[in-house]
Amino acid sequence: MGTVKFSWLAGFGVVAAIAGWVVNWWANRNGFPPPTLHLSSLLTVAAILTITLIFGFRVLRWRNGRRDRVLNPILAARTVVLAQATAYAGALNTGWHLGILVDQLSLVAVRGVTGSLWGTLVLAGSGIVMIVVGLVVQGFCRLPPDDEADGLDRNGRRNDEGEYA
């Protein structure tokens with residue numbers, strides 16, 4: 001299983017930002033409200049982050065030596081997948097709301113209302129937190145490289161990164 005690539009996160013964020021800007025532009029010109037999530041979605045984001053961190057700390061505790069029980073490999077694999085999904089979802093959330101924010105900023109001089117801007121900014125910030133938590137928990141699941149191994153992967157290349165728990 002590969003790691004999350006920053007270029008993919010940035011790509012998802014840029015595509016989501018363009019889509020958010022276009023949809024918001026269309027919605028504003030047709031009398032619809034900005035297509036942002038409601039602030040109550042922050043509760044869902046908090047729940048996702050809490051679950052991700054709980055699973056991540058279970059794997060981290062096992063990785064750091066508290067191995068009183070055998071780590072379920074399915075749990076470890078699911079934790080990595082959850083962490084990566086959280087990071088990608090955060091990139092989409094951040095990009096979408098930043099695209100909307102850019103379009104809304106251009107209308108502040110006309111409307112003079114900044115109420116929805118703060119909500120959009122908070123939701124974009126929650127996406128950044130999702131990215132950070134996803135990357136941190138992914139790091140919890142990475143095993144350090146084995147000192148006794150030759151450090152070569154299947155293709156004979158040097159691999160110092162270690163594997164996932």
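A crossing of two helices is called left-handed if the near helix is turned anticlockwise from the far one by less than a right angle, and right-handed if it is turned clockwise. Helices here are DSSP runs of H or I with at least four residues, numbered from the N terminus.

The model described is a predicted one, in which local features need pLDDT of at least 70 and side-chain atom pairs count only at pLDDT 80 or more, while totals for chains, interfaces and linings use all residues. Residues are numbered from 1 along each chain as its sequence is written, and side-chain values use heavy atoms, with hydrogens and water left out.

**Helix pairs**

In the table, axes are lines fitted to C-alpha atoms over the stretch in contact, and angles run from 0 to 180 degrees between N-to-C directions.

| Pair | Axes | Angle |
|---|---|---|
| H1 (residues 6–29) and H3 (residues 73–111) | within 7 Å | roughly 40° |
| H2 and H4 (residues 115–140) | within 9 Å | roughly 15° |
| H3 and H4 | 7 Å apart | about 155° |

H3 is therefore roughly antiparallel to H4, a word used for angles over 145 degrees, whereas angles under 35 degrees count as roughly parallel. The crossing of H3 and H4 is left-handed, and the residues of their contact divide into 17 nonpolar, 14 polar and no charged. In these classes Ala, Val, Leu, Ile, Met, Phe, Trp, Tyr, Cys and Pro are nonpolar, Asp, Glu, Lys and Arg are charged, and the others, Gly among them, are polar.

H1 and H3 cross in the right-handed sense, and their contact has 17 nonpolar, seven polar and three charged residues.

H2 and H4 are roughly parallel to each other, and H2 passes H4 in a left-handed crossing. Their contact (heavy atoms within 4.5 Å) includes Leu49, Leu53 and Phe57 of H2 and Val122, Met130 and Phe140 of H4. By class, this contact of H2 with H4 has 14 nonpolar, five polar and one charged residues.

**A pocket**

A pocket is an open set of points on a 1 Å grid over the protein atoms alone, where a 1.4 Å probe fits, with protein on both sides within 12 Å along at least five of seven lines, and its lining residues have an atom within 4 Å of a point. The second largest pocket holds about 210 Å³ of space, a volume being the space filled by probe spheres set on the points. Among the residues that line this pocket are Arg58, Trp62, Asp68 and Leu75. H2 (residues 41–63) gives the most to the lining, with three residues, and the lining as a whole has four nonpolar, one polar and five charged residues.

Note on methods
Helices (H or I, at least four residues) and strands (E, at least two) are DSSP runs, numbered from the N terminus. Angles under 35 degrees count as roughly parallel, over 145 as roughly antiparallel, 65 to 115 as roughly perpendicular and the rest as oblique.
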